[in-house]
Amino acid sequence: MIPSVLPTYNRAPLTFVKGEGTWLIEADGRRFLDLGAGIAVNALGHAHPTLVKALTDQAQALWHTSNLYHIPQQEALADRLVAETFADTAFFCNSGTEACELAVKMARKYFYEAGQPERVEIIAFNGAFHGRSSAGIAAAGSEKMTKGFGPMLPGFVHLDLGDSAALEAAITDKTAAIMVEPVQGEGGIRAVPDAELQQMRALCDAHGILLICDEVQCGVGRTGRLFAHEWAGISPDIMMVAKGIGGGFPLGAVLATEKAASGMTAGTHGSTYGGNPLGCAVGCAVLDVVADAAFLAEVSRKAGLLRQRLEGLVAEHPEVFEEVRGAGLMLGLKCKVANADVVTSGYAHELITVPAADNVIRLLPPLTISDDEIAEAVTRLDAIARDLTPA
Ligand SMILES: *Cc1c(COP(=O)(O)O)cnc(C)c1O
């Protein structure tokens, strides 16, 4: 008999009932060190007092009104994001998938209004993940995500990362945009080199097309800058944001330049819940903590520490681990044993990691992880590697 919850997930036999900072407490009382952070969502860990206060204060006052009226918390969050980024404007939704929907619509609408309605194609990359909607799976394009779901939304072209000649050749008079995750998450924590992002920006400029960065996983301080593309010294025209921006409250956003957003006039897009007072009050509180030079410098320092320790771990366990990759506190350990075995062994050692493609485990701790917790995480990973070392 089908379970009452649609069985689209293979769930681990774990039930967490409470969270404290970098720790998750299981129903049986065990304390797990959380290097998954709900897949890069709990940017400030669990039950961060600033977020708890922002949410409960707003919950006492007003939950929801709809976008038929002004929402001061939404305007405050938009003002903050515009002040901190390349963007001139922001639209709020509830997830990364919805951010992808608008990014695609916005890019196409821009060219429609510009008198080039044939420009509908979006160049995306193999290994990408952009969400589970019809546009999201078409954008990612992998057979795993699209098979059996009927006709795909047309207008996506898929290339390998790292092939600049193919990218240049793929741009035609039908191209509207290039869509890229500066650090691929689900695809196995693959950071796109700065030079490659710079080349994408240059090609977009040369051809008058739009650059869309999907920073749903790598954004909001994860790499030690507020947004990952900043490391390359470039900016996109459109950016998708979700996950960390809500710190655990469902919140997504599309940020854009005035030019890229120019087709999105009244009535062209909307959301019932998007940008509601609860979500935006929490989003503002997340930015109060994360959009701070000292906080981001601390993320980079701790990321350096974790990375150095992980390099040592790989050197010590060459039969279990192959390499460390990624950026900031978005790190991947490519495994030689099955990555699923490393994740499962982690549960026995009360350590949470997240699998990704290419036999990688992802380490996406809360950005607030302490040095002691980093040391403890590496100790546990060492114990896992000992358990999994082939005899
Ligand atoms: C998680 C993710 C999405 C989809 O976000 P949802 O909130 O799950 O809809 C899109 N893009 C990237 C890069 C992601 O990591």
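**Entry 1: a pair in helix 10**

I began with Glu-311 and Arg-307, which lie four residues apart in helix 10 (residues 293-316) and are therefore separated by about one helical turn. An α-helix has 3.6 residues a turn, so residues three or four places apart point the same way. I found the side chains of Glu-311 and Arg-307 joined by a salt bridge, 3.6 Å from N to O. For this term I required a side-chain nitrogen of Lys or Arg within 4 Å of a carboxyl oxygen of Asp or Glu. Glu-311 is partly exposed at a relative accessible area of 38%, and Arg-307 is partly exposed at 27%. I took buried as under 20% relative accessible area, exposed as over 50%, and partly exposed as in between, with a 1.4 Å probe and protein chains only. I also noted one network, in which salt bridges that share partners join Glu-323, Arg-325, Lys-334 and Asp-358.

**Entry 2: basis of the values**

The model is predicted, so I kept to the rule that local features need pLDDT of at least 70 and side-chain atom pairs pLDDT 80 or more, while totals for chains, interfaces and linings use all residues. Residues are numbered from 1 along each chain as its sequence is written, and side-chain values use heavy atoms, with hydrogens and water left out. Helices (H or I, at least four residues) and strands (E, at least two) are DSSP runs, numbered from the N terminus.

**Entry 3: further salt bridges**

I looked up the total, and the count comes to 20 salt bridges. One of them pairs Arg-30 with Glu-350, with the closest N and O atoms 3.6 Å apart. This pair links distant parts of the chain, 320 residues apart: Arg-30 is in the loop between strand 2 (23-26) and strand 3 (31-34), and Glu-350 is in the loop between helix 11 (339-348) and strand 15 (351-352). Arg-30 is partly exposed at 30% relative accessibility, and Glu-350 is partly exposed at 21%.

I then turned to Asp-237 and Arg-201, whose side chains meet in a salt bridge at 3.1 Å, N to O. Here too distant parts of the chain are linked, 36 residues apart, with Asp-237 in the loop between strand 10 (210-214) and strand 11 (238-241) and Arg-201 in helix 8 (residues 194-207). Are Asp-237 and Arg-201 buried or exposed? I found both Asp-237 and Arg-201 buried.

**Entry 4: the two domains**

I recorded domain 1 as 65-290 and domain 2 as 293-329; the bounds come from an automatic or database domain assignment. Their C-alpha centres lie 27 Å apart. The contact (heavy atoms within 4.5 Å) takes 14 residues from domain 1 and nine residues from domain 2.

What is the area buried between domain 1 and domain 2? I noted about 880 Å², with 60% given by carbon and sulfur atoms. Buried area is the accessible area (1.4 Å probe) that two parts lose on being put together, summed over both. On the side of domain 1 that touches domain 2, strand 9 (190-191) and helix 9 (277-290) each supply at least two residues. I sorted the residues of that side into seven nonpolar, four polar and three charged. In this grouping Ala, Val, Leu, Ile, Met, Phe, Trp, Tyr, Cys and Pro count as nonpolar, Asp, Glu, Lys and Arg as charged, and the others, Gly among them, as polar. I found zero salt bridges between domain 1 and domain 2.

**Entry 5: Ala-54**

I placed Ala-54 in helix 2, where it is buried at 17% relative accessibility. Its contacts, leaving aside neighbours within four places in sequence, are with Ala-281, Val-282 and Ala-285. Ala-54 and Ala-285 are 231 residues apart in sequence and 6.5 Å apart in space, C-alpha to C-alpha.

Ser-66 has a phi of about 90° and lies in the loop between helix 2 (49-61) and helix 3 (72-84). Ser-66 is buried, with a relative accessible area of 15%. Asp-358 has a positive phi near 65°, in the loop between strand 16 (354-356) and strand 17 (360-363). Asp-358 is partly exposed, at 39%. Just after helix 11, Glu-350 takes a positive phi of about 50°. Within helix 11 I noted Asn-339, Val-342, Val-343, Ser-345, Gly-346 and Tyr-347 as buried.
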